[in-house]
Structure formats: C-alpha cells, structure tokens
Amino acid sequence: MTQAALSKRDEANRKTTGSILLLACGALAREILDILKINEWSHIDLICLPAQLHNTPDAIPDAVREAVGKHRQDYETIHVVYADCGTGGILQRTCDELGVEMIEGPHCYAFFEGVTQFEDRDEFTAFYLTDFLARQFDAFVWKPLGLDKHPQLRDMYFGNYTKLVYLSQIDDPDLIEISRKNAQRLGLEFEHRKTGYGDLTPQIENWANSKI
C-alpha cells in the first residue's frame, strides 16, 4: 500500500473529540470526509469498515455490531452510514437492536441518486458504478468475478444487463472515460448521471444538527 493510501486510510479512521460517530462503509470515506470538511463539522468523527465487506454482505451486520460495541462508550450517538447493501434487512434489524440509526435505501446507488428518484426509475437491467467503484473497478468487479482469468464468463454474469450507469459524485472526466471503457468491457451501453452526494448530505446534516 502506498504512503498516500495509508494517509487516506488513517484520515478516514481518525479519532478526535467528536460527540457523534459515523460508522461507515469504506467505499464512502472520501465523500463523507468531503461533506464533513465543507461544513466544518468538527463534532463528528468517522470510522470506516473495509469496503471489501460488500463482497460478503452477510458479514456486514456482525461487523457493524462489533464496531458499535467497541466505540459506543466514546460517543453520545453513533450513526451507521450503510444502506441495506445486500443484507436482506438484517442490517436494519441489527441497528434497531443496537439503538442506532442507519441511512435509508437499498444501497449507495439509491441514496446517491435519491432513493425516491432511484425507485421511480425501476431500472432492473442497469449495472451501477459510483466514483469509488469507477476507481476500483478491477479490484471490486473484474477480478472478484474472475473475469481477468476467464473473460468468457462475462455474458454469464452480465447477460441480463443492458447498460452501465455511472453515478458520479464529482466532476472528473477521467472517471467518466474509465466508466465508459468498462461499459465496453462488459458489452453494455453507457450512461452517465451526475448525482453529487444525493441524500447523503442532508442525512449527515440532520445527524450533525441534532447535537448543535
């Protein structure tokens, strides 16, 4: 891991003197840190669980439970910045049992676009990327599916999809081009939508203002 990567990881897992803890998916670290910095919310700390947990969503609820137990005594409130993320409702039940609030939505694609708008689109044949997944496409999509060694499996995995939709949080022409090329790799049409941070900003703002 490079020094720059280590610095970003350390920043994402910093502990200062905040009264609120955001316990988040590592795939959201950059966006959450940007929101905290823009709004100068020094009373909020961020700790991220590994983004790789998305490859084994059944492990997310127990990881969240363990982290809440570890940090509960240090904070007045803890909020979980995960959507359901493939846990089949188990994460919500876990958060309810622990008495912590989580963000609404089936996954980050939905709350970046806005949960209501996302559901209204009813896109069952779209494969989504965020900024994080655009940057980490090979590590989180291509290689875990074995497509680096067995590209013939592409149609088995993606045969029911018709397009790749890149939901971008920032303006980055390079990421748009990377996503366009990855759509071609998957044999899908390409669509780009600039979402910004979507529902993530107002949700964190609500949590932030609850302690001001």
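An open sheet of four strands is arranged in the order S2-S1-S3-S4 with parallel pairing, where strands are DSSP runs of E with at least two residues and helices are runs of H or I with at least four, both numbered from the N terminus. Two strands are taken to pair if DSSP finds at least two bridges between them. The structure is a predicted model, in which local features need pLDDT of at least 70 and side-chain atom pairs count only at pLDDT 80 or more, while totals for chains, interfaces and linings use all residues. Residues are numbered from 1 along each chain as its sequence is written, and side-chain values use heavy atoms, with hydrogens and water left out.

At the edges of this sheet lie strand S2 (44-49) and strand S4 (101-102), each of which pairs on one side only. Strand S1 (residues 20-25) runs parallel to S2 and is joined to it by six bridges; Cys25 has Leu49 in S2 as its bridge partner. Helix H2 (residues 29-39) packs on the sheet and touches S1, S2 and strand S3 (77-81), contact meaning heavy atoms within 4.5 Å. The direction of helix H2 makes about 175 degrees with that of S2, axes being lines fitted to C-alpha atoms, for helices over the stretch in contact, with angles from 0 to 180 degrees between N-to-C directions.

A further open sheet consists of three strands in the order S5-S6-S7, with parallel pairing. S5 and strand S7 (189-194) each have a single partner strand, so one side of each is left without a neighbour in the sheet. The twist from one strand to the next averages 25 degrees. Six bridges connect strand S6 (residues 163-168) with S7, and the two run parallel; Ser168 has Lys194 in S7 as its bridge partner.

The second largest pocket holds about 670 Å³ of space. A pocket is an open set of points on a 1 Å grid over the protein atoms alone, where a 1.4 Å probe fits, with protein on both sides within 12 Å along at least five of seven lines; lining residues have an atom within 4 Å of a point. The volume is the space filled by probe spheres set on the points, which are joined across faces, edges and corners. Of the 27 lining residues, His54, Tyr109, Phe127, Tyr128 and Leu133 are the closest to the centre of the pocket. At least two lining residues each come from helix H5 (108-113), strand S5 (126-129), helix H7 (131-135), helix H8 (137-142) and helix H9 (154-158).
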